Amino acid sequence: MSYHFNEIEARWQKYWADNQTFNAVNSSDKPKYYVLDMFPYPSGAGLHVGHPLGYIASDIYARYKRHKGFNVLHPQGYDSFGLPAEQYAIQTGQHPAITTETNITTYRRQLDQIGFSFDWSREVRTSNPEYYKWTQWIFIQLFESWYCKNHQRAFPISELEKVFSEEGNSGVNPACDDDVALFTAEEWNAMSSEQQQDILLQYRLTYLAETEVNWCPALGTVLANDEIVNGVSERGGHPVIRKKMTQWSMRISAYAERLLQGLDTIDWTDSLKESQRNWIGKSVGASVTFNVKMTSEMLKQVQHDETQRHSELVSESHPYQIEVFTTRPDTIFGASFMTLAPEHDLVSKITTTEQQADVEAYIEATAKRSERDRMADVKTISGAFTGAYAEHPFTKEPIPIWIGDYVLAGYGTGAVMSVPCGDQRDYDFAKHFNIPIPNIFEGVDISEDAFSDKEKTIIANSDFLNGMNYKKATKRAIYELEQLGQGEGKTNYRLRDAVFSRQRYWGEPFPVYYVNGKPQMIDKQHLPIVLPEVEKYLPTEEGEPPLGRADVWAWDSLKAEVVSNELIDNESVFPLELNTMPGWAGSSWYFFRYMEDAMRDEVFASEEALNYWENVDLYIGGSEHATGHLLYSRFWVKFMKDRGFVGVEEPFKKLINQGMILGTSAFVYRLNIDYLIDIELNNDVFPLFFVSESVAKRIEVEGLSIDEKSRIEKAYSELNNGFPCIADLFGTSKIHTDVSFVNASDELDIEAFKNWREEFKDAEFILEDTGTFKVSREVEKMSKSKYNVVNPDAICEQYGADSLRLYEMFLGPLEQAKPWNTAGITGVHGFLKKLWKLYVDDKGLKVNAAEPSKDNLKTLHKTIKKVEEDIENFSFNTSVSTFMIASNELTAQKCTSKSILEPFLILLSPYAPHIAEELWSRLGNDQSISTAPFPKFEEKHLVESSKNYPISFNGKMRFTLELPLDMNKDEIEKTVMAHEKTIAQLDGRTPKKVIVVPGKIVNIVG
RNA sequence: GCUGAAGUGGUGGAAUUGGUAGACACGUUGGACUUAAAAUCCAAUGUCCAUUAGGACGUACGGGUUCAAGUCCCGUCUUCAGUACCA
């Protein structure tokens, strides 16, 4: 009986589904373990072999943990809101919900045939109203919360209101907007409710703010930075402008410090933690205020300004001030100029008439350069002098103010105090523009480069800081600045608040309506607010988001329901928010929803479920989410913890990034032929000539052979009614061919290739000497356009899911990028066939109750040990080869013993569950193999009595010698030295030294 | 530039603490079976010299430590990923 994988796999997949074998339970005596994959976006293209890699790894781990006696939660779902479905809807008019449903059906079928042990009863789809009801609810909770920096956590906004009404806002230390005004309790209580709401909005964890977006008028939409190339839209090449829009923002910056600290508590790779640290970008230093020296010209300007708005913040004597952030307040005496970003607000106000032309020209030049250009070109130093001077806070000396594009408007305050002796960029700038470079370091030469080593710094030429080291000087400088009222210690984070509004249709609607332009939250009991129907999925002609097209999109606050827009009276019926939430909203908390077994409607997950499952023990997914999804999820979880909705501080304890599976593209070479003929002919009738790989290489160097040339000329002249043609070659071109036409030996299936495209139908082929046509191969990203996509359906059909699973693991280390080559799958497929034969032959089951031999036991236990270690280390590729070795050994040993072959199946079952279940049941078990405990490793079976010692001379192994392991050092040395091969090797020489490491090696030196 | 990962046969990759480099596969070559093909089985396969014994070289490159280095140290180069001229 041979191995009928299709039949076996279908049977067990049905069995698992019928028996709900992998459904998790929310209470158990066993310890819990939560294994999660990053859920997929169900795209129309379906899965290719690269997608399941991480799922296979997590499935192996989940199945292993079940064998190890854990209660395992291993769910799956879909991140089903997103742009592609919307774009498809725009093109076809098809509702995104329908497209999404169709795609999910395909995904589910493809996933099912690979045999994953998912608990589908807990499936989550972010686009389902039952699910996004809770996404909306979390949004409301964020709106109803503020962050207290003293306690480093979030509290209900009602508590803040109470404080305001009793004490005003001077005593609170919130994470809030920069420009909040101080008020007393009396002032607060005297405000109108609308004024109070405006103020509260500055404190909420989600708030409305004017943010700059990339607006593309032609497309009527906002574009992400990636969607813009050279200042125009990637799609269509339309111009893009910066536009201010009122949008929802998430105050993730409040959590910057906790997001940073939390990294130390989780088991993620260093590279991932590092990118999150960089993203958060903490720097400790001081903010310093420099006064701008006034000129009569500026005074006039100030007076003009003052009549327009009463600026109370600006002091009488110094109406203009420049605030900078520095990590090196200790070097303040080395500041010999200041640099503002060209976009800085002050530039236009302080520039002198003489410098105006220079400055304006420079601003125009930098505006033209894209961010990318500016970044790529770090070597070119450019800038302009404003003509204005700032005053040094201590020396009161004038400091020239420059503008330069190495200072970025978007970071810090958009201005720096430039200390050329201590910062290379300032140094280069100063050198370029001949600005003095005062040296404020003791015993350091700065004639070539700046000196930026903090640790070795001793300050000089700096008044009260002289002789101090970096730490002391920093402290003192901050203290002195505080005395002057011109600075304070400050920690800066790069992390910006996240814009949360999208001008799209296919996303979560906000549970928000507007009364006199002020946002109001809809009560929890009325959620979900379901996406309205629209005629078209495009923005409106007025540039409103697609929801602006909905006719029934108004909130009746009396009836508490969504009603027709016609009823809007702004008394009881109000307009609803037109934006939708971004893709990361639904994916920032989905792991909690899986915890609930009953999918109750009154909670997103019950308290018992949350307490039982806590957080994800193992999370597997791609590294492209390093700073998006993985940062936002951590933020939401921390917030939910603060407000008592969940009990954990971090969502994912351990995280592994699987590497990408690349495609192995195949190329054929087409000859580029020029030909001379007498009669005019339609070019199309001439056949294309393709040459095999090594022929192409030869032709590139030597040109066509005489035979080839005459063959081509003959083919042409035949078509040309026998008139002679002269062919002339001008090289070959490499074109992609579909990888499915190519076999393991890189030989092309010529017939399939000819039928592939109409224009190849009559193509001619010049073969290798061996009579085959070979392609050349290259590793590239797997993509439809490169014809290197391999569909798992075809693999499952031809080799089976177990082969696919084993092969994906066998390819290489999980975290590494690696090329797919279907040819190699015969290796693991052959292994499964051999394995089958170990259990079953023509007569039926071979396995019997025979006593296992010593060798049998040794093979089994060595395998148990290795596989267990490998799974714990996520080294799945090496365990596949361990299985092969074990199977080869057991076959050679002619093992038929059930006491060996039965536990061996359990080891294999996480990797190749179908064949394991099948053989397991044939051995007489009536329970699924997934319920079997993992075999116990016993050291005693591996104990050896002798060792095959490598005997090396000067470190080079010459021969091996079998010696008892209980032999001591001296005896080993004696035996080895007496051996004839040793004597032959030494050839009369006396060894200088003999190194004997018992149980390892013998090395003879000399 | 910075940060992180990596560089081993024709290919994917093993070598967990410094101790027999190339496990396990793919591919290639030869053989068996077959009318033939497929499938299966057997053998060889890092490079070079000798073709019997054996020897030399070999883990990106150049040094070093050590009885012994793919592994440790110093320097250089290359590739991939991320990124921020971050004050």
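Two strands count as paired if DSSP finds at least two bridges between them. I take helices (H or I, at least four residues) and strands (E, at least two) as DSSP runs, numbered from the N terminus.

Ground rules: I am working on a predicted model, where local features need pLDDT of at least 70, side-chain atom pairs count only at pLDDT 80 or more, and totals for chains, interfaces and linings use all residues. Residues are numbered from 1 along each chain as its sequence is written, with chains lettered from A and ligands numbered from 1 in the order in which they are written.

Entry 1, the sheet. I looked up Y949 and found its bridge partner in β35, L961. Strand β34 (residues 946–953) runs antiparallel to β35, and eight bridges join the two. I then traced the whole open sheet: four strands, ordered β35-β34-β37-β36, with mixed pairing. β35 (956–964) and β36 (993–997) are the edge strands, each pairing on one side only. On average, neighbouring strands here are turned by 20 degrees against each other, direction ignored. Helix α31 (residues 969–978) packs on this sheet and touches β34, β35, β36 and β37 (1001–1005). I also noted that the direction of α31 makes about 125 degrees with that of β36. Contact here means C-beta atoms, placed from the backbone, within 7 Å; axes are lines fitted to C-alpha atoms, for helices over the stretch in contact, with angles from 0 to 180 degrees between N-to-C directions.

I checked helix α26 (residues 825–839) against α28: their axes come within 10 Å and cross at roughly 40 degrees. From α26, V828, F831, K834, L835 and L838 meet V880, F883, M884, S887, L890 and T891 of α28. By class, I get eight nonpolar, two polar and one charged residues in this contact. (Ala, Val, Leu, Ile, Met, Phe, Trp, Tyr, Cys and Pro count as nonpolar, Asp, Glu, Lys and Arg as charged, and the others, Gly among them, as polar.)

I listed 64 residues around RNA strand B, of which S271, S745, G812, G827 and G955 come nearest; near means a C-beta atom, placed from the backbone, within 6 Å. Helix α28 (residues 876–892) supplies the largest share of this surface, six residues. The classes there are 22 nonpolar, 27 polar and 15 charged.

I found V232 in strand β9 (residues 232–233). Leaving out residues up to four places away in sequence, V232 touches G237, H238, P239 and V240.

Note on methods
Two residues are in contact if their C-beta atoms, placed from the backbone, lie within 7 Å.
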